[in-house]
Amino acid sequence: MGFLRGKPVVRIAFGIMIVLIILCGICTAKRVPANFVFGDSLVEVGNNNYIASLSKCNYVPFGIDFGGRPTGRFTNGRTIVDIIGQEIGLEDFTPPYMAPTTTGNVTLKGVNYASGGGGICNETGIIFGGRFNMDEQIDYFANTRQDIISSIGGPATMRLLRTALFSVTMGSNDFINNYLTPVLSTPVQQTVPPEKFVGFLIARFRSQLTRLYKLGARKIVVSNVGPIGCIPYQRDLNPSAGETCVALPNHLAQLFNGRLKNLVPELRKNLKRSEFLYADVYRIVDDIIQNYESYGFQNSNTACCKIAGQFGGLIPCGPPSDICPDRSKYVFWDPYHPTDAANIIIAMRLMDGGSDDISPTNIRQLVQS
């Protein structure tokens with residue numbers, strides 16, 4: 001009786017409470033089983049290494065801050081999806097589909113199908129030769145899905161896909177390497193009005209995202225097109241813009257984003273039990289560029305890896321390039337892509353940001369739902 005009335009019972013009660021809290025956390029926390037990635041060079045991790053393509057980065061100085069070696073990531077370190085994968089608890093980076101080691105049980109944790117130069121349109125990026133557009137990437141996912149079914153069965157595969165995270169980062173190349181690029185000596189923009197081109201993109205994207213849903217995807221993050229008129233490539237290509245971002249590319253991105261912002265809730269409503277999110281990457285990157293000093297950057301308009309041009313945007317990054325000594329102080333790594341430091345900010349705002357950054361919920365809330 002003395003034991004029950006004394007301090008040991010308090011310790012026992014406290015211990016039981018701690019155990020219950022831990023068990024409750026284990027029961028309520030949801031583990032993301034897999035991460036499937038679709039997109040362009042902003043999220044590629046090496047697929048183009050295995051095909052005949054001019055859109056490659058499997059050479060120095062790419063990867064200088066990723067173990068000091070190039071992997072096929074178009075940045076100095078990690079991509080946005082690499083960082084998100086780490087945040088949702090995945091032990092390894094999601095591997096490229098084309099890697100010979102991406103087979104068997106590896107695919108159960110997700111696959112990255114992204115390809116530099118790829119777009120919503122099949123014609124996009126044709127100047128690079130080999131690249132995987134969105135239709136091809138979904139075809140490859142269908143192959144992976146069938147392999148998983150063969151491995152663990154249909155019902156288990158459907159459960160895995162329902163709880164897996166899917167992300168789609170497409171559209172930039174449809175402007176940079178399609179609409180704004182001469183095709184057969186005649187620029188598309190001279191024959192197709194911007195509204196019509198954007199309407200075509202949205203219609204095609206609707207079909208592609210619907211197909212992804214029909215293959216089992218449910219938690220799907222769709223990123224909009226960033227402020228492409230602010231990248232060093234566009235700045236050097238349009239010197240008349242001076243120190244400001246180039247108006248036309250940004251206008252096109254905003255046209256597309258406006259339509260995409262309506263498409264995402266439409267899909268969420270019409271496709272039963274789907275959880276589409278609209279990621280406003282344009283807003284996030286524009287905020288970083290406009291307020292770069294508050295984020296700890298010293299430069300928001302020039303490529304860290306540069307060869308030629310006022311902003312280092314005229315020639316792609318490569319072995320002859322000059323490299324800034326502190327990549328964490330630059331928003332842009334090369335003429336087109338953010339640095340690891342900028343990618344961290346983008347990724348974390350998608351993970352934990354409010355509805356102005358990503359809606360109707362953020363990624364952390366999505367994976368817990």
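This is a predicted model: local features need pLDDT of at least 70, side-chain atom pairs count only at pLDDT 80 or more; totals for chains, interfaces and linings use all residues.
Helices and strands here are DSSP runs, helices of at least four residues and strands of at least two, numbered from the N terminus. With that convention, Leu 180 is placed in the loop between helix H6 (172-179) and strand E3 (182-183).

Leaving aside residues up to four places away in sequence, Leu 180 touches Phe 175, Gln 189, Gln 234, Leu 248, Pro 249 and Leu 252. Gln 190 lies ten residues from Leu 180 in sequence, and the C-alpha to C-alpha separation of the two is 9.8 Å.

I turn next to a pair of helices. Two packed helices are described by the angle between their axes and the distance between those axes. For helix H4 (residues 134-152) and helix H5 (residues 154-163), the axes come within 7 Å and cross at roughly 130 degrees. H4 and H5 are therefore oblique to each other, and their crossing is right-handed. Which residues meet at this contact? From H4 they are Phe 141, Arg 145, Ile 148, Ile 149 and Ile 152, and from H5 they are Gly 154, Ala 156, Thr 157, Met 158 and Leu 161. Sorted by class, the contact of H4 with H5 comprises seven nonpolar, two polar and one charged residues.

The remainder of the talk concerns the cysteines. How many disulfides does a search of the whole structure find? The search returns three. With bonded cysteines counted along the chain, the disulfides follow the pattern 1-2, 3-6, 4-5.

I begin with Cys 230 and Cys 245, which form a disulfide with sulfur atoms 2.1 Å apart. The torsion about their S-S bond is about 110 degrees, so this disulfide is right-handed. Cys 230 sits in the loop between strand E5 (219-223) and helix H8 (232-237), and Cys 245 in the loop between H8 and helix H9 (247-270), so the pair ties together parts that are 15 residues apart in sequence. Cys 230, at 0% relative accessibility, counts as buried.

Next come Cys 304 and Cys 324, a disulfide whose sulfur atoms are 2.0 Å apart. Here the S-S torsion is about -95 degrees, so the disulfide is left-handed. This pair links distant parts of the chain, 20 residues apart: Cys 304 belongs to the loop between strand E7 (299-303) and strand E8 (305-306), and Cys 324 to the loop between strand E9 (322-323) and strand E10 (330-332). Both Cys 304 and Cys 324 are buried.

The remaining disulfide joins Cys 305 to Cys 317, with an S to S distance of 2.0 Å. Cys 305 is in strand E8 and Cys 317 in the loop between E8 and E9, twelve residues apart, and the pair links distant parts of the chain. Cys 305 and Cys 317 are likewise buried.

What, then, of Cys 57? Cys 57 is in no disulfide, and the nearest cysteine sulfur, that of Cys 317, is 9.0 Å away, whereas a disulfide requires sulfur atoms within 2.5 Å. With a relative accessible area of 1%, Cys 57 is buried. Cys 121 also counts as buried, at 2% relative accessibility.

Methods:
Residues are numbered from 1 along each chain as its sequence is written. Side-chain values use heavy atoms; hydrogens and water are left out. Axes are lines fitted to C-alpha atoms, for helices over the stretch in contact, and angles run from 0 to 180 degrees between N-to-C directions. Angles under 35 degrees count as roughly parallel, over 145 as roughly antiparallel, 65 to 115 as roughly perpendicular and the rest as oblique. A crossing is left-handed if the near helix is turned anticlockwise from the far one by less than a right angle, and right-handed if clockwise. Contact means heavy atoms within 4.5 Å. Ala, Val, Leu, Ile, Met, Phe, Trp, Tyr, Cys and Pro count as nonpolar, Asp, Glu, Lys and Arg as charged, and the others, Gly among them, as polar. Buried means under 20% relative accessible area, exposed over 50%, partly exposed in between (1.4 Å probe, protein chains only).
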